[in-house]
Amino acid sequence: MPRDIKSAGIGEFGGAPATADWGGSLTTMPLYWMYEAAQSSLGPARALADAGRLYFKNPANPASHTDWGRKMGAMCEVFERATRRYGKPEFGLATTLVNGERLAVTEKVVWSRPFCDLIHFQRAMRPGARKQPKLLIVAPMSGHYATLLRGTVEAMLPDHDLFITDWTDARLVPVTDGSFDLDDYIDYLISIFRFMKGDVHVMAVCQPAVPVLAAVARMEAEDDPFVPHSMTLMGGPIDTRENPTAVNQVAIDRGTEWFQRNVVTMVPWPHPGAMRQVYPGFLQLTGFVSMNLDRHVEAHKEFFNHLVDGDGDSAEKHREFYDEYLAVMDLTAEFYLQTVDTVFVRQSLPKGEMTHRGKPVDCSKITRCALMTVEGERDDISGVGQTKAAHTLCSNLSDDKRVHYLQDKVGHYGVFNGSRFRSQIAPRIHDFILSNQPRAAAASKPSAPAEAPRKAEPAEVGAEPKTAAGAEAAVRAPATGKRAKSNGATRLAEPQGPADDLTRITGVGPKLQAVLNEAGIFHYWQIARMTEDERKSLDAKMTPPGRIARDKWVEQAARLVDAG
């Protein structure tokens with residue numbers, strides 16, 4: 001669903017961000033304020049219930065040993081848990097087992113944008129340990145946090161150098177950081193693939209199957225050297241015309257305009273994202289629960305009985321499940337509505353009508369990135385055949401680069417979590433990844449062959465590299481620091497030590513990094529120490545000029561130098 005005003009949310013894809021007005025109705029706009037008021041009014045009752053829970057569970061209280069006292073304590077806990085707002089859970093994966101050895105795991109954010117952090121699960125591997133393939137798990141941005149994939153991460157962590165996208169709750173992102181829609185989502189994925197230099201395998205769980213496939217298709221069409229080695233699409237709505245489910249039918253019957261009128265509201269003060277238009281988490285949760293209301297009511301009845309009976313293990317399992325299930329995040333209105341319109345209402349991707357930044361998304365261009373699709377026999381969200389349709393779209397991919405697997409006796413969540421995922425699906429994905437992992441001698445993307453020095457043509461800002469080898473050569477980082485003459489000016493021809501990732505500077509993307517490298521700039525300190533004359537000379541190579549001062553490259557580079 002197009003917008004009237006749009007700029008990308010990250011500098012390398014189009015400059016300063018802009019917001020857009022999706023609207024809503026007079027009925028929906030006050031919803032968030034009403035919800036916040038209800039939460040505030042329930043605060044005293046919730047605090048009283050929590051105090052009552054502690055009182056009736058205290059062994060020193062004689063009433064805690066009576067049936068009446070246990071029922072009172074259970075009632076207080078059920079009320080408190082049913083009315084609280086659940087915060088973002090933790091992954092809580094402190095260790096993992098690698099080759100029979102228990103290793104410590106540390107979470108580190110290695111790439112960040114306003115709406116997403118890329119988390120690396122760093123393991124304390126022994127020096128000289130065999131390098132494992134990098135795996136990027138793209139978590140769904142469909143209401144729940146990335147921690148919903150805790151079981152997926154835990155299963156894949158022993159055999160992979162693992163990363164995951166941690167999407168940000170839209171109510172926490174100020175409106176000054178701009179908007180975020182499906183095009184921006186694809187931009188983020190392309191930026192992450194480039195950040196990882198293409199030496200990665202990507203796994204998309206449910207909703208991100210479409211943007212991941214679109215991102216790879218656009219990169220292949222542009223002959224981008226940093227295309228992932230493989231992609232695994234799991235329970236994703238590639239073609240919702242195949243075996244449509246109740247979820248698909250609701251979107252078709254109601255249309256995008258219905259969702260715009262009835263679920264779009266505005267974040268209230270004092271949240272950081274105040275005045276941002278969103279599809280709020282509490283409305284999403286209402287939809288989740290209403291789909292299986294009887295099951296949730298019965299689960300809470302059983303929870304109450306477990307508390308009364310003193311069945312601590314069963315009660316704790318209930319807490320763990322609902323701590324995750326009831327923790328939801330707001331989605332930007334533009335992302336939600338464009339996804340509904342593109343994926344579910346118009347089915348743009350399988351019809352060949354989907355575009356990204358005005359350019360067609362043509363999956364037939366995919367020839368290098370291997371494809372695996374995984375479906376669940378009982379999936380009631382993405383029906384059987386919807387994900388497999390990706391193979392039809394990737395018509396020019398060779399047979400040795402494609403695999404499809406249908407897991408029997410599992411529903412949607414069983415595709416990426418649970419016992420069958422761990423015992424049957426995860427090993428197949430691992431084997432697929434290893435089959436498409438370059439050999440150790442060629443683990444990184446191949447470099448362009450050495451050739452005689454030649455005069456470099458001036459690089460035009462915004463121009464795409466003509467070949468994959470040319471694009472890669474533009475960002476390749478030699479290890480020495482010799483200086484050379486170029487057009488009468490002294491420049492640093494090669495980096496001194498490992499080159500810095502200049503795309504960490506806001507406003508610098510792969511294209512501008514190539515321009516900087518051509519000018520002999522490979523390190524943050526070079527930009528931080530740039531003189532006025534050097535800045536003017538570099539500005540002259542860019543279109544439009546003035547980027548360095550406008551985006552404060554020198555100040556950003558100085559902070560990166562200080563940060564080490």
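Which residues are linked in a network of salt bridges? They are Lys57, Glu77, Glu316 and Arg319, where a salt bridge is a side-chain nitrogen of Lys or Arg within 4 Å of a carboxyl oxygen of Asp or Glu.

Before I go on, please keep in mind that this is a predicted model, in which local features need pLDDT of at least 70 and side-chain atom pairs count only at pLDDT 80 or more, while totals for chains, interfaces and linings use all residues. Residues are numbered from 1 along each chain as its sequence is written, and side-chain values use heavy atoms, with hydrogens and water left out.

The structure holds 24 salt bridges, and I will take two of them in turn.

In one, Asp166 pairs with Lys88, with 2.5 Å between the closest N and O atoms. This pair links distant parts of the chain, 78 residues apart, with Asp166 in strand S5 (residues 161–167) and Lys88 in the loop between helix H2 (67–83) and strand S1 (95–98); helices (H or I, at least four residues) and strands (E, at least two) are DSSP runs, numbered from the N terminus. Asp166 is buried at 7% relative accessible area, whereas Lys88 is partly exposed at 42%; buried means under 20%, exposed over 50%, and partly exposed in between, with a 1.4 Å probe and protein chains only.

In another, Glu324 and Arg150 meet at 3.0 Å, N to O.
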